[in-house]
Amino acid sequence: MLADVEVLVLGGTREGRLVAQRLLAAGFDPISSLAGATAAPRLPAGRIRIGGFGGADGLTRWLRSNNIRMVVDATHPYAAQMSEHAAAAGQAAGVPVLRLDRPGWTDHPDAATWHWVDGHEVAAATSARRGSRPFLTIGRTGLAAYRRHLAAHPVLVRVAEPGVPAGDDAGEWPAPWRVLVARGPFDLESERRLLAGGAIDVLVSKDAGGRATAAKLDAARLAGVPVVMLRRPPTPAGVPTVPGVAEALSWCLGQGRDPRRRRSR
Ligand code: NAP
């Protein structure tokens with residue numbers, strides 16, 4: 001019966017894949033949505049759709065035409081636009097939205113020693129002041145600011161897929177930059193070798209949270225490398241938020257028991 005309750009999972013994250021998997025195991029038949037930004041994404045189990053919806057209005061129409069009864073927004077903490085659109089579309093279509101926001105690293109034992117900044121422009125300027133051989137672990141977007149501040153530096157930039165920066169940051173990598181294509185999880189020893197091998201003297205990171213990419217933070221402390229940490233964008237107001245997959249599943253089960261959320265196909 002739960003398979004009659006249409007659930008949309010906004011993914012592109014490990015949590016999104018886990019939510020889809022747990023929903024399937026619980027008897028739902030969720031649809032996972034990916035942005036289509038990566039050429040070879042890790043795919044969740046179950047039904048999948050790929051590509052943008054066309055803004056909040058497009059998503060509102062999509063929710064209605066697909067009889068969606070609830071949305072789990074399990075996108076990355078820095079996918080702020082998608083989360084805003086999900087909140088607005090859920091409200092417009094009368095569909096409850098849950099935000100799954102994995103805890104960040106604010107409780108990390110070294111968090112007080114990091115340089116917390118808002119936005120890429122400040123992160124780029126701060127990293128240029130703190131070092132001359134930065135390691136950028138911020139993904140492929142937002143790179144324009146680093147290009148402005150660090151184009152002449154031997155920057156090491158780690159991205160999940162090959163290719164040049166995309167979207168607003170489109171263009172070639174600056175000649176002195178070295179691009180490392182790698183996907184986590186990363187362990188402490190390999191992160192230590194990476195910092196030492198590149199003579200890295202400042203690490204730039206998002207407050208992504210989770211364990212898969214946390215080893216770089218310990219490696220930085222052990223190597224005495226300062227960390228520039230981008231604060232998270234705010235989550236949309238009025239959207240209930242849970243920290244993990246188990247809580248998201250409980251919420252979906254609770255919504256699924258609500259007769260208003262059920263509809264026969
Ligand atoms: P974003 O800036 O918040 O979103 C930009 C646009 O991409 C959205 O307005 C939407 O287009 C589309 N979009 C984003 N996520 C989508 C999804 N799950 N399904 C369908 N369309 C989606 O997002 P982003 O930061 O570029 O992230 C894109 C995807 O990569 C997300 O799924 C996110 O979970 C994943 N990701 C992001 C990061 C990061 O650091 N930002 C890291 C790891 C994974 P329309 O307006 O046309 O609907």
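This is a predicted model: local features need pLDDT of at least 70, side-chain atom pairs count only at pLDDT 80 or more; totals for chains, interfaces and linings use all residues.
Residues are numbered from 1 along each chain as its sequence is written, and side-chain values use heavy atoms, with hydrogens and water left out. Local features need pLDDT of at least 70, side-chain atom pairs count only at pLDDT 80 or more, and totals for chains, interfaces and linings use all residues.

**Exercise 1. The largest nonpolar core**

Task: State which residues of the largest nonpolar core touch the most other members, and which elements supply it.

Solution: 
- Step 1. A nonpolar core is a set of buried Ala, Val, Leu, Ile, Met, Phe, Trp, Tyr and Cys residues joined through side-chain atoms within 4.5 Å. Buried means under 20% relative accessible area, exposed over 50%, partly exposed in between (1.4 Å probe, protein chains only). Helices (H or I, at least four residues) and strands (E, at least two) are DSSP runs, numbered from the N terminus.
- Step 2. The core has 19 residues, and Leu 136, Leu 143, Tyr 146 and Trp 177 touch the most other members.
- Step 3. Assign the elements. At least two residues each come from helix H4 (120–130), helix H5 (143–150), strand E8 (156–159), strand E10 (202–206) and strand E11 (227–230). H5 gives the largest share, four residues.
- Step 4. Contact means heavy atoms within 4.5 Å. Beyond four places in sequence, the contacts of Tyr 146 include Leu 136, Trp 177, Val 204 and Leu 230.

**Exercise 2. Two helix pairs**

Task: Describe the packing of H1 with H8, then of H6 with H7.

Solution: 
- Step 1. Axes are lines fitted to C-alpha atoms, for helices over the stretch in contact, and angles run from 0 to 180 degrees between N-to-C directions.
- Step 2. Read the first pair. Helix H1 (residues 14–26) and helix H8 (residues 245–257) pack at about 45°, with axes 10 Å apart.
- Step 3. Classify. Angles under 35 degrees count as roughly parallel, over 145 as roughly antiparallel, 65 to 115 as roughly perpendicular and the rest as oblique. H1 and H8 are therefore oblique to each other.
- Step 4. List the contact. H1 brings Glu 15, Leu 18, Val 19, Arg 22, Leu 23 and Ala 26, while H8 brings Val 245, Ala 248, Leu 249, Cys 252 and Leu 253.
- Step 5. Read the second pair. H6 and H7 pack at about 50°, with axes 8 Å apart. H6 and H7 are therefore oblique as well.
- Step 6. List this contact. Leu 188, Glu 191, Arg 192 and Leu 195 of H6 meet residues of H7, including Ala 215, Lys 216 and Ala 219.

**Exercise 3. The buried residues of H7**

Task: Name the buried residues of H7 and what covers them.

Solution: 
- Step 1. In helix H7 (residues 215–223), Ala 215, Lys 216, Leu 217, Ala 219 and Ala 220 are buried.
- Step 2. Their cover includes strand E7 (134–137), E8, helix H6 (188–197), E10 and E11.
- Step 3. Gly 224 follows H7, and its phi is positive, near 70°.
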